Amino acid sequence: MQTDPNKIEFQEPFARSMATAARMWRRYLDLRFRDLDLSQARWNVLFELSRNEEVTQVELAQCLGIEAATLVRLLDGLEGAGLIERRPSDKDRRAKTLHLTEAATPLIVRMKEISGASRAEILEGISRHDLRIATTVLNRIAGRLEILNSGQNG
C-alpha cells in the first residue's frame with residue numbers, strides 16, 4: 001500500500017498524540033483509583049461489567065481486548081474480593097455469565113464519581129464542538145481498526 005507523503009506529515013503526529021493522550025489518561029485514572037485499591041486491569045473489568053452485565057467471560061475478554069487466561073485471573077481476584085460472581089448462562093450451559101455483587105455497588109458509584117470528576121478536569125477548556133469532532137474522528141478510527149483487525153483473526 002502506497003502512502004501519500006502529504007498525509008504522513010499529519011498522520012504520524014496525530015497517531016503519537018492519540019497514543020500518548022490515551023496512555024496519560026489511563027495513568028491519571030490509575031492514580032485516582034489507587035485509594036480504592038484497584039489496578040487498571042481490575043477497574044477496567046468492573047467498569048465494563050457495570051455497563052454490560054450478564055456477559056460471558058469470552059465476551060468480556062473480547063470487549064476488553066485481553067486474553068481469556070488473563071481475564072480468568074482477574075475475575076478470580078474480583079470474585080475472591082466479593083465484587084463479582086459467575087453464574088451458569090441461561091443460553092449456553094457451557095458458559096458462565098458475570099454479575100456484579102451488591103458489595104460492588106458502592107465501589108462502582110465511587111469509581112463513577114472519580115471518573116466523572118477526572119474527565120471534567122482533563123477536558124476542561126475544550127469546547128463541545130471540538131469534543132464532537134474528536135469523538136467522530138475517534139469513532140471512525142475505531143471502526144476502521146475493527147475492520148482491519150477482523151481480517152487478522154482468520
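Okay, let's start with Glu 12, which is partly exposed at a relative accessible area of 48%. For the cut-offs, buried is under 20% relative accessible area, exposed is over 50%, and partly exposed is in between, with a 1.4 Å probe and protein chains only. Before going on: this is a predicted model, where local features need pLDDT of at least 70, side-chain atom pairs count only at pLDDT 80 or more, and totals for chains, interfaces and linings use all residues. Residues are numbered from 1 along each chain as its sequence is written, and side-chain values use heavy atoms, with hydrogens and water left out.

So what does Glu 12 pair with? Glu 12 makes a salt bridge to Arg 16, with 3.7 Å between the closest N and O atoms. By salt bridge I mean a side-chain nitrogen of Lys or Arg within 4 Å of a carboxyl oxygen of Asp or Glu. Both residues sit in helix 1, residues 5-33, four residues apart, or about one turn of the helix. Helices here are DSSP runs of H or I with at least four residues, strands are runs of E with at least two, and both are numbered from the N terminus.

There are seven salt bridges in the structure. Another one links Glu 79 and Arg 86, where the closest N and O atoms are 2.6 Å apart. Glu 79 is partly exposed at 31% relative accessibility, while Arg 86 counts as buried at 19%. Then there's Asp 92 with Arg 94, at 3.1 Å between the closest N and O atoms. Asp 92 is partly exposed at 25%, and Arg 94 is exposed at 76%. Through shared partners, salt bridges also join Asp 76, Glu 79 and Arg 86 into one network.

Now the inside. The largest nonpolar core has 24 residues, and among those with the most contacts inside it are Phe 33, Val 45, Ile 84 and Met 111. A nonpolar core, for us, is a set of buried Ala, Val, Leu, Ile, Met, Phe, Trp, Tyr and Cys residues joined through side-chain atoms within 4.5 Å. Elements giving two or more residues to this core include helix 1, helix 4 (68-80) and strand 2 (96-100). Which element gives the most? That's helix 2, with five residues.

Look at Val 45: leaving aside neighbours within four places in sequence, Val 45 contacts Leu 60, Leu 64, Leu 71, Leu 74, Leu 75 and Leu 78. Contact means heavy atoms within 4.5 Å.

Last stop, Ser 118, in helix 5, residues 105-123. Ser 118 is buried at 2% relative accessibility, and Ser 118 touches Tyr 28, Leu 29 and Arg 32, not counting residues up to four places away in sequence.
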